[in-house]
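Okay, thanks for having me on the agenda.

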Amino acid sequence: MSQNPASTRLVPAERLSAITSLIAEGAVFDGNFHTTRDQGIKVDGQLKGNITFETGGTIHVGATGVIENTRLEADHVFIEGKVIGTVIARKALEITGSATLLGDASYDELIDMHPRARVRGKIEYRGDIDAPSN
């Protein structure tokens, strides 16, 4: 979309490059984004509402993005900006060094959190705790 993201370690680059929806820097969106399709959205502006992908989906919160009072749910969640709310990543959750997360996050498979990330809340693994890790 607009700016190149920080290099990712878990979220596949092709998932980020396939994002088709954008809330641009400087824009304010008040409402919910919901789809049954495997699509993607990048937030560089401000969003007050939920983002839900019933199946698949990629959410990219850019470095200038702010999402408040929200519930985010998708297969892949990549946070560079600020999220206030609940995050559910069914495949990969990646929180960069520029990110702030105020709220709880859960993931089913993979997580990568930079040591400089600011997180205030609970992070929970939702997968099978007794399954062997690869």
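I'll go through confidence, then salt bridges, then aromatic pairs, and finish with a glycine.

Ground rules, quickly. This is a predicted model, so local features need pLDDT of at least 70 and side-chain atom pairs count only at pLDDT 80 or more, while totals for chains, interfaces and linings use all residues. Residues are numbered from 1 along each chain as its sequence is written, and side-chain values use heavy atoms, with hydrogens and water left out.

So, confidence. pLDDT is the predictor's confidence in each residue, from 0 to 100. The mean for the protein is 92, and 95% of its residues reach 70 or more. Confidence is lowest in helix H1, residues 13-17, at a mean of 89, and highest in strand S10, residues 100-102, at 98. Those element names are DSSP runs numbered from the N terminus: helices are H or I with at least four residues, strands are E with at least two.

On to salt bridges, meaning a side-chain nitrogen of Lys or Arg within 4 Å of a carboxyl oxygen of Asp or Glu. How many does a search of the whole structure find? Eight.

One of them joins Asp38 and Arg15, with the closest N and O atoms 2.7 Å apart. Asp38 sits in the loop between S3 and strand S4 (40-43) and Arg15 in helix H1, so to speak a link between distant parts of the chain, 23 residues apart. For burial I use relative accessible area: buried is under 20%, exposed is over 50%, partly exposed is in between, with a 1.4 Å probe and protein chains only. Asp38 is partly exposed at 48%, and Arg15 is partly exposed too, at 21%.

Now look at Arg90. Its side chain meets that of Glu73 in a salt bridge, 3.1 Å from N to O. This pair links strand S9 (residues 82-95), where Arg90 lies, to strand S8, where Glu73 lies, 17 residues apart. Arg90 also meets Asp75, at 2.9 Å from N to O. Asp75 is in strand S8 as well, 15 residues from Arg90. Buried or exposed? Both Arg90 and Glu73 are buried, and Asp75 is buried too.

Next, aromatics. Rings of Phe, Tyr and Trp (its six-membered ring) pair if their centres lie within 6.5 Å; planes under 30 degrees apart count as stacked, over 60 as edge-to-face, and the rest as tilted. By this rule there are two aromatic pairs. Phe33 and Phe53 make a tilted one, 5.6 Å centre to centre with 55° between the planes. Phe33 lies in strand S3 (residues 33-35) and Phe53 in strand S6 (residues 51-53), so the pair ties together parts that are 20 residues apart in sequence. Both Phe33 and Phe53 are buried.

Tyr107 and Tyr125 are also tilted, at 5.4 Å centre to centre and 50° between the planes. Tyr107 is in strand S11 (residues 105-107) and Tyr125 in strand S14 (residues 123-125), 18 residues apart. Tyr107 is buried at 14%, whereas Tyr125 is partly exposed at 29%.

Last stop, Gly62, in the loop between strand S7 (58-61) and strand S8 (66-79). Gly62 is buried, with a relative accessible area of 1%. What does Gly62 touch, not counting residues up to four places away in sequence? Lys42, Val43, Asp44, Glu80 and Gly81, where contact means heavy atoms within 4.5 Å.
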